[in-house]
Every structure is written in C-alpha cells, then in structure tokens.
Amino acid sequence: MINDKMEHRPQRLLAVFAHPDDETFICGGTLAKYAAEGVEITLVSATRGEMGRRMGNPPYLNRETIAAAREIELRQACDHLGVNELQFLDIRDKTVEFMDEEWLVGQIEHLITELRPDVILTFHETLGGHPDHCAIGKATTEAFRRAGQGELYFISFGDRMLQPERYGYTAQDIVAVDVQDHLAAKLAAFRAHRCQSEIDAWVWQRDDKALRHFGRYEYFIRGSQPQVS
Amino acid sequence: MIPCACVSPISVYSVYNIGIDVLNDFQNEDEKDCIEEMKPIEKKQVEKMLSQFVGAKVYVHSEATSYMFARNFRIDLTEAFIAGDGPYRVALRYDGHGWLRIEGLTHAELDDQERLLLEGFDDQGRMDVALHLGKEPFPE
C-alpha cells in the first residue's frame with residue numbers, strides 16, 4: 001500500500017473514520033504496521049461515538065459522560081497503534097449523514113491539502129455498513145477527488161474481500177496487508193476501547209488465546225488507480 | 001465530563017485503564033462505587049427526583065437507542081409518573097396536551113449538574129432507552 005519513494009520526508013497516512021474504535025476494530029493491524037515502519041499517521045474521527053449502545057459491562061457510563069470517556073479511550077488506542085495525531089470533526093454520533101455535505105467535504109479537503117498524505121483510508125460509501133460510515137466515506141472520497149493528492153483505499157470488514165466479486169470488485173482491486181507482527185498492538189488497542197470491547201469475552205482472555213481471533217491479513221479496496229512513481 | 005465526587009474525570013479513567021490484564025477485577029470497592037455512576041432505580045427516590053422537575057421548564061433528551069433520539073426539546077412539565085416493579089415505566093405530561101412515555105428503564109442518577117438521567121440497560125450493559133431531564137440545555 002505504501003511504497004518506498006525517493007523522497008526525504010516521512011510517508012504520511014490520513015485515516016478518516018466515523019467513530020472511536022473504527023480504526024482499531026477494522027484496520028488496527030495496518031495502522032500499527034505502518035506506524036512501526038515510520039509512517040506518520042493522522043486519524044480523524046468524525047464523532048466521539050457518544051450515541052452507542054455499549055456503556056461498559058456492567059454499565060459505568062451514561063449518555064452524558066460517554067463522549068469524554070471514548071475520547072480518552074481513543075487517545076490510548078492511538079498510543080498503542082502509534083497514531084501520531086488525532087482530530088475530531090465534533091459531529092454528533094449518528095448525524096454525520098445530515099451534515100452539510102459541502103462543509104464536510106471542505107473540512108476533509110482542507111486537511112488533505114494541509115497534510116499532503118501519501119495514502120488516505122476511509123470507508124466505502126456504500127459498503128460502510130453504518131450510515132455514519134457511509135457518509136464520512138462519501139465525503140472523504142469527494143475530498144480526495146478534489147484535492148488530487150495521494151492514493152485512496154477503502155477499509156473493509158474481516159475477510160469479506162477474499163470474495164471481492166460478491167461486492168462488484170475483482171482480486172486486482174484488493175490489497176491485503178499482512179499484519180501478523182502487529183496483532184499484539186491491535187489487541188492492546190482493542191482493550192483500550194474498554195467500554196466497547198469488554199462485552200466481548202474473547203478480548204479479555206489470555207493474550208495468546210485472544211490473538212487467535214484476529215486474521216493475519218487486513219483487506220483494502222483500491223479507491224484510486226495506482227500511481228506510477 | 002465524568003461526574004464523580006471523589007476523583008477527577010481523568011484520574012477515574014487512568015485508574016481503570018491501567019493493568020489491562022486485571023481490568024475486570026476492579027482494584028477495590030471504593031473505586032468501583034465511584035466508577036459506577038448509574039444506580040439501579042429505586043422507585044420512591046426517582047419519584048421524588050421527578051417531582052423536582054414538575055412545574056418547571058425542562059429540557060429533555062430521550063432515546064430508544066437503536067431507533068431514535070430527541071435532544072433538547074423543551075417542555076413545561078405538568079406531571080410525572082413512574083410505574084412498574086423493574087424495569088420501570090416513566091410518563092411525562094407536558095404543555096397541557098402532551099405525553100412522553102418510555103419503558104425499560106433500569107438505572108438512575110442525579111448528576112452533578114442536577115440533571116436526572118434515567119436509562120435502561122440489557123443484561124450485558126448495552127443501553128436500550130434513555131430519558132434525561134435538565135433545567136438547562138444539554139450539550140448539542
């Protein structure tokens with residue numbers, strides 16, 4: 001996904017997602033891998049995930065306290081993954097699709113222009129699975145097209161993209177990233193998102209057992225033609 | 001933030017985010033009490049808390065978590081009821097012609113801003129419903 005180029009500045013990756021934990025649960029291994037290789041990673045979370053159902057188990061958060069808690073958890077997850085910078089768009093959870101689209105695209109385009117990332121990760125605008133995911137994916141895709149900077153990849157869930165034709169893609173459209181050596185960081189980030197992950201007993205099993213729940217690869221859909229360097 | 005009388009929000013979080021391997025075993029009972037803000041509903045107590053909002057202009061946050069939420073609609077609350085033996089039902093009469101009724105409530109808290117937070121959780125701690133009353137608007 002990220003190739004060595006004859007440039008002196010570090011490679012940069014911009015990930016634009018909807019909720020705290022999207023970055024960990026979906027592509028935490030990839031972020032940890034590139035961070036370990038020296039790629040500078042900026043994560044944008046459109047919301048603080050403050051309208052979710054999971055409030056800890058047993059619940060120790062409520063609707064008014066959860067936003068601050070999830071921000072703290074996300075910062076800790078970023079530390080485990082090696083994400084350098086975190087930004088929020090301060091949109092209320094579950095309302096991303098109702099934001100003024102020009103405003104939203106403009107925010108992201110501005111970030112891309114400022115940061116000049118080599119790679120941009122976001123949700124696919126129809127395969128995102130949640131209205132907030134699809135909305136932030138659609139806006140980021142449009143911002144990428146306008147800014148004309150870097151390469152765009154869509155994140156995907158689990159190993160669905162082993163069968164890309166089911167989603168209208170071919171194997172050539174898919175990139176598999178081997179994250180085997182970075183699963184420990186991914187697990188630590190899962191545990192940092194405690195109020196969301198503690199309902200899942202496997203996360204809290206012994207490390208070696210918990211790690212068996214992760215796949216070796218994370219899959220991405222190409223959102224732009226590969227650039228010839 | 002995280003209302004908690006005994007420690008600041010940040011320290012609450014740092015207390016229970018260290019020691020990944022022992023996260024399910026809280027360090028001691030004091031900390032556990034401090035972390036668990038929401039308490040199982042005691043009907044009489046909630047009835048009393050509700051009565052403090054009757055006759056006032058009230059801002060309401062209400063949600064059926066997987067389906068809808070409404071934030072900061074303002075009502076003149078004229079009557080408030082709690083019914084059931086747990087989970088509980090609460091009904092509000094407002095503006096002389098309105099009703100809001102919600103069921104499945106299990107937990108309550110009067111937070112440090114004197115907002116009454118009523119919520120309903122399933123057996124795994126996932127929220128199903130919420131009804132919050134405040135005399136000032138909730139953050140948008």
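A residue is called buried when its relative accessible area is under 20%, exposed when it is over 50%, and partly exposed in between, using a 1.4 Å probe and protein chains only. By that scale A:Asp208, with a relative accessible area of 36%, is partly exposed. This is a predicted model, in which local features need pLDDT of at least 70 and side-chain atom pairs count only at pLDDT 80 or more, while totals for chains, interfaces and linings use all residues. Residues are numbered from 1 along each chain as its sequence is written, chains are lettered from A and ligands numbered from 1 in the order in which they are written, and side-chain values use heavy atoms, with hydrogens and water left out.

**Salt bridges**

- Side chains of opposite charge can pair when their charged atoms come close. With a salt bridge taken as a side-chain nitrogen of Lys or Arg within 4 Å of a carboxyl oxygen of Asp or Glu, the structure holds 26 of them over all chains.
- One of these joins A:Asp208 to A:Arg212, with 4.0 Å from N to O; A:Arg212 is exposed, at a relative accessible area of 63%.
- Another brings A:Arg9 and A:Asp118 together at 3.5 Å, N to O. Because A:Arg9 lies in the segment before β1 (12-17) of chain A and A:Asp118 in the loop between α3 (101-115) and β4 (119-123) of chain A, this pair ties together parts that are 109 residues apart in sequence. Both A:Arg9 and A:Asp118 are buried.
- A:Asp21 and A:Arg70 meet through their side chains at 2.8 Å, N to O, in a salt bridge. A:Asp21 sits in the loop between β1 and α1 (22-36) of chain A and A:Arg70 in helix α2 (residues 66-81) of chain A, so parts that are 49 residues apart in sequence are tied together. A:Asp21 and A:Arg70 are both buried.
- A network of salt bridges links A:Arg48, A:Glu71, A:Arg75 and A:Asp90.

**Aromatic pairs and charges over rings**

- A pair of aromatic rings is described by the distance of the centres and the angle of the planes. Rings of Phe, Tyr and Trp (its six-membered ring) pair if their centres lie within 6.5 Å, and planes under 30 degrees apart count as stacked, over 60 as edge-to-face and the rest as tilted; eight such pairs are found over all chains.
- The rings of A:Phe190 and A:Trp202 have centres 5.5 Å apart and planes at 55 degrees, so this pair is tilted. A:Phe190 belongs to helix α5 (residues 183-192) of chain A, whereas A:Trp202 lies in the loop between α6 (194-197) and α7 (207-211) of chain A, twelve residues apart.
- A:Trp202 also forms an edge-to-face pair with A:Phe214, at 5.6 Å centre to centre and 85 degrees between the planes. A:Phe214 lies in the loop between α7 and β7 (217-222) of chain A.
- A:Phe190 is buried at 8% relative accessible area and A:Phe214 is buried at 11% relative accessibility, while A:Trp202, at 22%, counts as partly exposed.
- Ring pairs link A:Phe25, A:Phe190, A:Trp202 and A:Phe214 into a cluster.
- A charge sits over a ring if NZ of Lys or CZ of Arg is within 6 Å of the ring centre and within 35 degrees of the ring normal. A:Arg48, which belongs to the salt-bridge network, lies over the face of A:Phe88 at 4.2 Å from the ring centre, and B:Lys135 lies over the face of B:Phe53 at 5.4 Å from the ring centre.

**Strands and sheets**

- Helices (H or I, at least four residues) and strands (E, at least two) are DSSP runs, numbered from the N terminus, and two strands pair if DSSP finds at least two bridges between them.
- In chain A, β1(A) and β4(A) pair in the parallel sense over four bridges, with A:Ala15 opposite A:Leu121 in β4(A).
- Five bridges join β4(A) to strand β5 (residues 151-155) of chain A, also in parallel, and here A:Ile120 stands opposite A:Leu152. β4(A) is mostly covered, five of its five residues being buried.
- In chain B, eight strands form an open antiparallel sheet in the order β1-β6-β7-β8-β2-β3-β4-β5. Its edge strands are β1 (39-40) and β5 (98-105) of chain B, each of which pairs on one side only.
- β1(B) is joined by two bridges to the antiparallel strand β6 (residues 107-110) of chain B, where B:Lys39 stands opposite B:Ala108.
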